[in-house]
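Today I wanted to look up salt bridges. Here is what I opened.

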Amino acid sequence: MVIDLSAELRATEAHASDPERLRLAFGHACVQRIRHLLEDPGVIRCFEILTAHLAGRIDRVGLAHAATEAAALANHHQGSKSLDGVGHAAVSASYAVANALSGRASQAADYAAYAMVYGSGGYGAVCDPESFIPEKLWQLATLRELAGPHHGAHGAA
């Protein structure tokens, strides 16, 4: 089963009244699902800024600063010294935050899916494409829900 979330996102954005808000909200939803995997307090704070922006409490300038900070933090994450993949999950989760803040929803979703699979199945699970299907299906359903009732299925699944 192939789930082309990028194509679905592009089709959804084409009909959205505010494509940027849709991208930010979708990225936020993907990160919220893997928030428990975030380790770095700075990355968590950046994610909270995205939450505040979506609630109208932080402006675009604050969002842009948080995006820059989150990218720097993700690029310097120490990763994992163990083979269980938990540190890799935190790295992927950090990149999910950075991408969500930058409005790169498709990339945020991909990193969130990697974080979920790393976190639940360890390092070996990411080599099995089937491991990603439950998360991608959740993401697809969430995107469609965020797009609202006027969005029809575009056949991405």
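My entries below go through some of the salt bridges, pair by pair.

**Ground rules.** I'm working with a predicted model, where local features need pLDDT of at least 70, side-chain atom pairs count only at pLDDT 80 or more, and totals for chains, interfaces and linings use all residues. Residues are numbered from 1 along each chain as its sequence is written, and side-chain values use heavy atoms, with hydrogens and water left out.

**How many?** I found seven salt bridges in the structure. The term means a side-chain nitrogen of Lys or Arg within 4 Å of a carboxyl oxygen of Asp or Glu.

**E20 and R60.** I looked up this salt bridge and got 2.2 Å from N to O. E20 sits in helix α2 (residues 19–34) and R60 in helix α4 (residues 60–75), 40 residues apart. Helices here are DSSP runs of H or I, at least four residues, numbered from the N terminus. R60 is exposed at 54% relative accessible area, while E20 is partly exposed at 29%. My cut-offs, with a 1.4 Å probe and protein chains only: buried is under 20% relative accessible area, exposed is over 50%, and partly exposed is in between.

**E69 and R45.** Next I checked this salt bridge, whose closest N and O atoms are 2.8 Å apart. E69 is in helix α4 and R45 in helix α3 (residues 41–54), so the pair ties together parts 24 residues apart in sequence. I noted E69 as partly exposed at 29% and R45 as partly exposed at 40%.

**K136 and D110.** Is K136 buried or exposed? I got 12% relative accessible area, so K136 is buried. Its salt bridge with D110 is 2.6 Å, N to O. The pair links helix α7 (residues 133–147), which holds K136, with helix α6 (residues 105–121), which holds D110. D110 is partly exposed at 34%.

Terms used:
Helices (H or I, at least four residues) and strands (E, at least two) are DSSP runs, numbered from the N terminus.
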